[in-house]
Amino acid sequence: MTVKLLVGGEAELLLKDPIFQHQWNSLYNDCVWATPFQSYGFVTTWYEIYREHFQPVLVYEFTSVSQRLKPPLVLQSPPTRTSNFGLLTLAISSDLKQLIVAGTPQAEYHAWLARAEDDDTFIRSAIEALSDRFAGLTLTFQYLPPLAPKQWLRDRDSILTARKRPLMKLGDGENLGKSLKKTGNKSRLNRLKRLGDVRFEQVQTEAELATVFDEIIAYYDFRQGAVNNSLPFQNDPLKKSFQLALMRVKDLQHVTILKVGDCILAAHIGLFDRQQCILGTPVHSPFHAAHSPGKLHLLMLGVELVKQGIEVLDLTAGGDAYKERSATDWDEVFILKIFLGNRYWQKQTAELKLHSKAIVKGLMQASRIDINAIATFFRSIDWKQNIESKLRHDRQDNLYYYKAETILVPFAKRLVPRRGYANEIADNYPSIRRDYIDDLLRFQSVSSRETRQQFLSICLERIEAGEHVYTWVENNCLLCCSWLVERQDKFIFTESNQEYVFESESAFIHDFYFYPIVIDDMTNKFQALLEQMLNDAVSIYGAKQIYTTVLANDPRQEVIMI
């Protein structure tokens, strides 16, 4: 069997051929290991959105596709079934240095399409063709589905790594319903209902998703930045456009939202097909973390999927604790790395890897290093606590307080307090915003003392604990922020470990952050921020007195003492 390999314009022309599209869909339906990420709608949407950065690469063997690549045909009726041998959809970067599976990194599963009776014949020929055309490059499949053939790898220098995949078998939904009725979950739902009407909704159109997408993106990037040091949407400006475009493809993207009133508690954007839904972008509001909205949404999603005939919720590999808790079954997916080019180069690369591992292992044995003990030690460290400790190691705090009756409340316009997204402040200081996640994502690290992940991790912890954050952003940079605790009963001076007990009904303002590079009029910005927080503490949160701290050597303490 001879496979064909097309790149760039020739591949784009073939993608428009109706016969090719029909054969792709037929092969997709017959391939037992296919996932929605190999479907025509997903792949061609990705090609379109990312075309400025990647050219399509098609490796295929469809017997009835014209080798002359005629202009797109108009089918009067579906063509009769012919032998479809295989299809592998890839992309090459504009600089021709990176060969990837189409959809990377948006696709959870990477694979080729073939019929089971063709076994591994197609993929063997496809890799040989790619080795001739792209010698010296590597091709990574992450993740390869469990049923994809792997016997052919014995003849190639490659690296195959298994990863455990958690699955939630939905059954008839009875167990999910029982879980929602358990005392803990019932109590959470009842508390949420006191805040407003609780609704679980499925988003059906691109326009519907567009109205709430920015909020979903902010929650997702915020948590990913805090936990994994990654901002998927901020780092990839095309990711939002891509996911919106997928909403135009029929029966591909599955989007659900859990709301209380107008606030989003949780949401999920995933793909579904063949009686399964694949976990994609799960988010939940940190402002309502006490009610476990992510857990509630996952259970409600399962109930809804059962109604739609979906049998399995694929929780995907990754080792997240919530996935392991929710799983009913597990299997394995794989990371496959293939070296393209001459066998000598592949052999040298593989031998070098093995040699390096042997050297490291020998050094560890000679030094009597117990790698398991080292791993256990690092897992035992509470790194968040250590970060805060280091950041405050040399500080000396002064504590100040204000009586409510001494604070003027000049703002005629007040917002109804709401824990949620995009909470703007009164017109007096339009640059100041309260509880606005996007502003925290504008943090810019300028020293190793506090990285972006460290900053976001502390912010996530505080917001989930119920604190309010006030921010000031200019030119896409977080200039200053501070934290307001509605009810605080004490403060501990870190230098002396001395505890100061507050009066009842006290609010607490703490941890003023300022962009370390000199900004014009920063003192006035700080004063405006403090005044806004003091007034909110009295007028919104009913504080009788407000305490605050500032470093003893901080010149801004003159503003606090006014």
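Q: What makes W33, W112, D119 and D120 count as residues that P149 touches?
A: Contact means heavy atoms within 4.5 Å. P149 meets this criterion with W33, W112, D119 and D120, when residues up to four places away in sequence are not counted. The model is a predicted one, in which local features need pLDDT of at least 70 and side-chain atom pairs count only at pLDDT 80 or more, while totals for chains, interfaces and linings use all residues. Residues are numbered from 1 along each chain as its sequence is written, and side-chain values use heavy atoms, with hydrogens and water left out.

Q: Why is P149 called buried?
A: Buried means under 20% relative accessible area, exposed over 50%, and partly exposed in between, with a 1.4 Å probe and protein chains only. The value for P149 is 9%, so P149 is buried. Its place is in the loop between β6 (138-144) and β7 (158-169); helices (H or I, at least four residues) and strands (E, at least two) are DSSP runs, numbered from the N terminus. The C-alpha atoms of P149 and A116 are separated by 8.9 Å, although the two are 33 residues apart along the chain.

Q: How do you know that D197 and R199 form a salt bridge?
A: A salt bridge is a side-chain nitrogen of Lys or Arg within 4 Å of a carboxyl oxygen of Asp or Glu. The N to O distance between the side chains of D197 and R199 is 3.8 Å, and the pair meets in a salt bridge. R199 also forms a salt bridge with E201, at 2.8 Å. By this rule the count comes to 24 salt bridges.

Q: Why are D197, R199 and E201 called partly exposed?
A: D197 has a relative accessible area of 49% and is therefore partly exposed. R199 counts as partly exposed at 25%, and E201 is partly exposed at 29%.

Q: What makes the pair D214 and K240 a salt bridge, and which parts does the pair tie together?
A: The side chains of D214 and K240 meet at 2.7 Å, N to O, in a salt bridge. D214 lies in helix α7 (residues 206-228) and K240 in helix α9 (residues 239-246), so the pair ties together parts that are 26 residues apart in sequence. D214 is partly exposed at 39%, and K240 is partly exposed at 28%.

Q: How do you know that α9 is mostly covered?
A: Of the 8 residues of α9, 6 are buried. These are K239, F242, Q243, L244, A245 and L246. The buried residues of α9 pack against several elements, among them α3, α7 and α8 (232-235).

Q: What makes α2 oblique to α3?
A: Helix α2 (residues 18-30) and helix α3 (residues 40-49) pack at an angle of about 125 degrees, with their axes 10 Å apart. This angle makes α2 oblique to α3. Q21, W24 and N25 of α2 and Y40, V43 and T44 of α3 make the contact.

Q: Why is L96 called exposed?
A: The relative accessible area of L96 is 54%, so L96 is exposed. L96 is found in the loop between β3 (84-93) and β4. L96 is not a glycine, yet its phi is positive, at about 65 degrees. Most residues other than glycine have a negative phi, and most peptide bonds are trans.

Q: Why does S292 count as partly exposed?
A: The relative accessibility of S292 is 22%, so S292 counts as partly exposed. S292 has its place in the loop between β11 and α10.

Methods:
Axes fitted to C-alpha atoms, helices over the stretch in contact; angles between N-to-C directions. Parallel < 35°, antiparallel > 145°, perpendicular 65-115°, else oblique.
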